[in-house]
Structure formats: structure tokens, C-alpha cells
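Please consult the sequence and structure shown below while reading.

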Amino acid sequence: MSSIGLAVIGAGYWGPNLVRTAIATPALQLQWLCDLDEERARTVLGRYTIVKATASYERVLADPAVAAVAIATPAATHYDLIRAALEAGKHVLVEKPLTSSVSDAVKLADLAERSGLVLMCDHTYCYTPAVQRIRELIRGGEIGELQFVDSVRINLGLVQPDVDVLWDLAPHDLSILDFVLPEGVTPVGVAAHTGDPIGNGHACVGYLSVWLSTGALAHVHVNWLSPTKIRTTIFGGSRRTIVWDDMNPAARLMLHDRGVDRIPGSTLAPDDRRQALISYRIGDVQVPALPEREALMSVLAEFAGAIVERRPPLTGARAGIRVLELLEAASRSVDDGGTRIPVNMEAGS
Ligand SMILES: NC(=O)c1ccc[n+]([C@@H]2O[C@H](COP(=O)([O-])OP(=O)(O)OC[C@H]3O[C@@H](n4cnc5c(N)ncnc54)[C@H](O)[C@@H]3O)[C@@H](O)[C@H]2O)c1
């Protein structure tokens, strides 16, 4: 199988990770690294390379050796860059968030589908062994009914000039939620509250609630100002509960056989009811073994696989649209003083 000619666009913080993993992916042949700052692209590539550096995106798209581009530029540039690539007949992998609006993303998803081209979102966490196992556990019924999700993603983060903390960090939590939810369970409402205590002009602290069609509630807490780094998500089920602590490599996942059962009230005498309605289960905790694998290697392998096999990728444009639906609703909620905003996930189905 001949390898797929690739260009990486953007040589800032994240682009060099795409460069490194693309070079290590046999199915891809990195041809170009393009950045408005050509010198930066040159520095990232180093001296001993046959990969070309350029500031000209047009030159990259005109090169017949390039079949695909991987875009790691700021979100506001994604729409124009993706559209130009698709119109030039190139497959696209784009960093989260897919675009800055649902309406732009829908146009691109339609264009990619009409053109028979892959448009994939780099929802990196969905390719980690931990999240893949969580998906199996939830979708396979291991934890019973999903009752709640509680996600904390806080640290001293890079305060972004162009987006708030919800649009910067919550795409991770929302793409994970989208990936692990059982078939047919969808978000139905969103409320968000944010704060900008340093006067940055964009929120640095965000709290986001997502109601699901089953009545379950998911909550996401994102923060750029926390001195301690926490990356913990709890998926509470009626039978078991998954605790994912991404900062604990020895036990990233813990499966708790603990929880709360409710005894149907009708079986109890009225005097006993108040005491006995709730019973606590205190069982074992298991630590599933997970392979050590770099998620970004799996992202690029999936991108190449989708191109070669002419199939939709695991995290395609529609997954990106579903994340954007929730982010747009969150921004509307913030503007509206934190009220609950209904969401309609139709464009992403
Ligand atoms: N998947 C992840 O875990 C992850 C992590 C960090 C960032 N990201 C995403 O990656 C993207 C880039 O983020 P970053 O932190 O690397 O940004 P950055 O600002 O560090 O780098 C962006 C680079 O893009 C270049 N650029 C801007 N417009 C361009 C254009 N039109 N053509 C060519 N180059 C252009 C800039 O010169 C800059 O070097 C964002 O969408 C961000 O959300 C993803």
C-alpha cells in the first residue's frame, strides 16, 4: 500500500505533535509543514529533514503529492482552511473544535460527504485506552443505567486570547461524553455559568450542566486558574461506577462496585419507609489493566484507515457538530444568565 501524502498546517503548540506522530505513522508520508510563520515551521522540522516548510497554504493545496491535510491552527481559521482543502480534493483532519459555529460545520460536513472526502475531528481523548474502555463498559451494560457524569479538568492553563475556557477545554469533555453515551441517549438541555476573575475578557472558569434524554445529568468543570491539576471524571451507574483519574497512571480507571439502591416504597410498612428507602452497597474496587498507547498515534491511524477504506472515521464531522451544538447552547446560556437552553442534536445525526 502506498502511503498517503500529508501536510500539517500550524506549527504552534499542538502542530508539532501532529508532525512527530505523522512521521512515525507508516501509512502517512509527511510532505509539508505550513505556518504563517515559515521560520517557526522550519525550526519545528529541524535541519535533517526532507519535509518542506512553507507559509503558503495555496502551494500546499496545489501539490498533487498531498492527499490530506491535518489542521492545528486557531479555531477561527478552521472554516476557511477546511473549505479550501475540501475544494482542492484533500481529506481533512482538524483539531477541536471543528469550527466556530454549527452552521459553518454543517456546510463543511455536507461538502465533505458530497465530495466523498474524509473530514475527521481530532477528538484526541476518544482514542485513549481509558476512554475506549469506558465506552465498552458503559455501552456493554457493565455499569447498568448511566445516572450521572461528573468531570473536572482544571489546572494553570494557557489563557487563550481568542476563546473562553468553555470553548478551549470543554470540547474534550463533551467529545468524550458524546463518544461513550449508549446508543439513543442524547443531550436535551444545557446550562452554563462562567467567571473571568482576572479580567481577561474571556471566561477562565466554567461550569457546564448537560441534561440527557434519560434524565441523567452530566456536569463539566473547566478552569485555567487552578494551581493543582485535576483530570478526573466519574461515570455513575445503577450497578457500578467508573472513576477515571488521568493523573494516576497506576490506576487510571477504577470500577467501584459501590452505590445507592432504592427499595420500592410499596414493599415497606409506612413507619419503615423513611429509613429503608435507600440502601448503600459497599463492594470491591477493580482496576482494569490498560495498554499504554499514545492517543495521537491512534488518531492518525484512524484518519489513514478511513481514507484507504473509504469509510467514515470514528470521530467524523457529525461528532464535531454535536460538540458544537453543546458549546453554542452553553454560550447562549451564559449570555442568558445561566438559564437552561434546550438542544436539538439533529444536525449532528
Ligand atoms: N487535541 C488536543 O488535545 C489539542 C491540544 C491543544 C490544542 N488543540 C487545538 O489545536 C489548534 C491549535 O492550537 P495551538 O494551541 O497549537 O495554537 P497556537 O496559537 O499555539 O498555534 C497556531 C499556529 O497556527 C498558525 N496559523 C494561524 N493561522 C494560520 C493559517 N491561516 N495558515 C497557517 N498557519 C496558521 C500560527 O502562526 C501558529 O503558529 C486549536 O484548534 C486547539 O484547540 C488541540
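Six strands form an open sheet with parallel pairing, in the order β3-β2-β1-β4-β5-β6. Strands here are DSSP runs of E with at least two residues, and helices are runs of H or I with at least four, numbered from the N terminus; two strands pair if DSSP finds at least two bridges between them. Because β3 (52–54) and β6 (119–122) each have a single partner strand, they stand at the edges, and one side of each is left without a neighbour in the sheet. Neighbouring strands of this sheet are turned by 25° against each other on average, direction ignored, with axes taken as lines fitted to C-alpha atoms. Within the sheet, β1 (residues 4–9) and β2 (residues 28–34) pair in the parallel sense over six bridges, and Leu6 has Leu30 in β2 as its bridge partner.

The model is predicted: local features need pLDDT of at least 70, side-chain atom pairs count only at pLDDT 80 or more, and totals for chains, interfaces and linings use all residues. Residues are numbered from 1 along each chain as its sequence is written, and side-chain values use heavy atoms, without hydrogens and water.

A volume is the space filled by probe spheres set on the points, which are joined across faces, edges and corners. By this rule there are two cavities of 30 Å³ or more.

| Space | Volume | Lining by class |
|---|---|---|
| Largest cavity | about 60 Å³ | six nonpolar, two polar, one charged |
| Second largest cavity | about 40 Å³ | three nonpolar, three polar, three charged |
| Second largest pocket | about 880 Å³ | 24 nonpolar, ten polar, nine charged |

In these classes, Ala, Val, Leu, Ile, Met, Phe, Trp, Tyr, Cys and Pro count as nonpolar, Asp, Glu, Lys and Arg as charged, and the others, Gly among them, as polar.

The lining of the largest cavity includes Val149, Asp173 and Phe235, and α7 provides its largest share, three residues. The second largest cavity has Tyr125, Trp244 and Asp246 among its lining residues; β7 and β11 are the elements that give two or more residues to this lining.

The second largest pocket is lined by 43 residues, of which Pro312, Pro313, Gly316, Arg318 and Ala319 lie nearest its centre. With six residues, α10 gives the most to this lining.

Technical notes: 1 Å grid on protein atoms, 1.4 Å probe; cavity = no way out; pocket = protein on both sides within 12 Å on 5 of 7 lines; lining within 4 Å. Axes fitted to C-alpha atoms, helices over the stretch in contact; angles between N-to-C directions.
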